[in-house]
Every structure is written in structure tokens, then in C-alpha cells.
Amino acid sequence: MITVNTIDSTNFEVIVEGNPTTTHQVSVTHLYYQKLTDNLVPPEVLIETSFQFLLERESNTSILQRFDLPIIERYFPEYEKTIKKMLKK
């Protein structure tokens with residue numbers, strides 16, 4: 001289970017329940033949020049869906065504890081294209 005807590009307009013705390021449960025600090029600029037969502041979903045949905053994307057590819061303990069959302073593209077080049085599709089479902 002993924003829980004997203006808003007810290008402020010660009011920073012979020014994400015808790016991934018598992019064995020073990022992990023906590024992550026994620027930031028996303030408004031421009032990057034718009035690029036990925038066209039403002040069609042709340043930022044929390046983008047963050048949660050991004051963690052679903054990550055968890056399909058690695059364990060929660062392998063996910064960085066603190067990162068800016070665009071860094072995902074560096075590790076997984078298909079991220080932006082895939083996340084846009086996932087958000088349209």
C-alpha cells in the first residue's frame with residue numbers, strides 16, 4: 001500500500017507499506033507536474049502512480065529515500081511515456 005502525504009505544494013512524504021515499510025521524501029516542480037499530467041490529476045496521484053511504476057521494477061527498499069521526481073527518468077528511460085499512459089487509465 002502506498003500513502004502520499006502532502007508537505008507543501010512541491011514536496012511529499014510517501015510511505016510504502018511492506019516488509020519493511022519505507023518512507024520517502026519526493027519533490028516535483030509545478031512545471032514537471034504539468035508536463036506529465038496536463039493538470040488532469042492531483043499531484044498526489046502523480047506521486048502515487050510514480051511509486052506504482054517504481055514498485056513494478058524494484059523493491060521499496062531499493063527506491064531512493066529522498067529524490068526529485070525527474071530522477072526516475074535517469075534510471076528508467078521509459079518513465080515519462082509510461083506514466084502518462086498509466087495516468088490516463
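Gln-25 has Arg-66 in strand 4 as its bridge partner. Helices (H or I, at least four residues) and strands (E, at least two) are DSSP runs, numbered from the N terminus. Strand 3 (residues 22-27) and strand 4 run parallel and are joined by three bridges; two strands count as paired if DSSP finds at least two bridges between them. The model is predicted, and local features need pLDDT of at least 70, side-chain atom pairs count only at pLDDT 80 or more, and totals for chains, interfaces and linings use all residues. Residues are numbered from 1 along each chain as its sequence is written, and side-chain values use heavy atoms, with hydrogens and water left out.

Strand 3 also pairs with strand 2, here in the antiparallel sense and over six bridges. One of the residues involved is Phe-12, whose bridge partner in strand 3 is Val-26.

Taken together, four strands form an open sheet in the order 1-2-3-4, with mixed pairing. Strand 1 (2-6) and strand 4 (66-68) stand at the edges with a single partner strand each, so one side of each is left without a neighbour in the sheet. From one strand to the next, the twist averages 25°. Helix 2 packs on this sheet and touches strand 1, strand 2 (11-16), strand 3 and strand 4. The direction of helix 2 makes about 145° with that of strand 1; for such values, axes are lines fitted to C-alpha atoms, for helices over the stretch in contact, and angles run from 0 to 180 degrees between N-to-C directions.

Helix 2 also contains Thr-49. This residue is buried, with a relative accessible area of 8%, where buried means under 20% relative accessible area, exposed over 50%, and partly exposed in between (1.4 Å probe, protein chains only). Leaving aside residues up to four places away in sequence, Thr-49 touches Ile-83, Met-86 and Leu-87; contact means heavy atoms within 4.5 Å.

Just after the helix, Asp-38 takes a positive phi of about 55°.

The elements run β-β-β-α-α-β-α-α from the N terminus on. The radius of gyration is 12 Å, close to the 12 Å that the globule rule gives for 89 residues, so the chain is as compact as a globular protein of that length. That radius is taken over C-alpha atoms, and the globule rule is 2.2 Å times the number of residues to the power 0.38. Along the principal axes, the C-alpha atoms fill a box of roughly 35 × 30 × 25 Å.

Of the 89 residues in the protein chain, 37% are buried. Among contacts between residues at least 6 apart in sequence, 49% join residues at least 24 apart.
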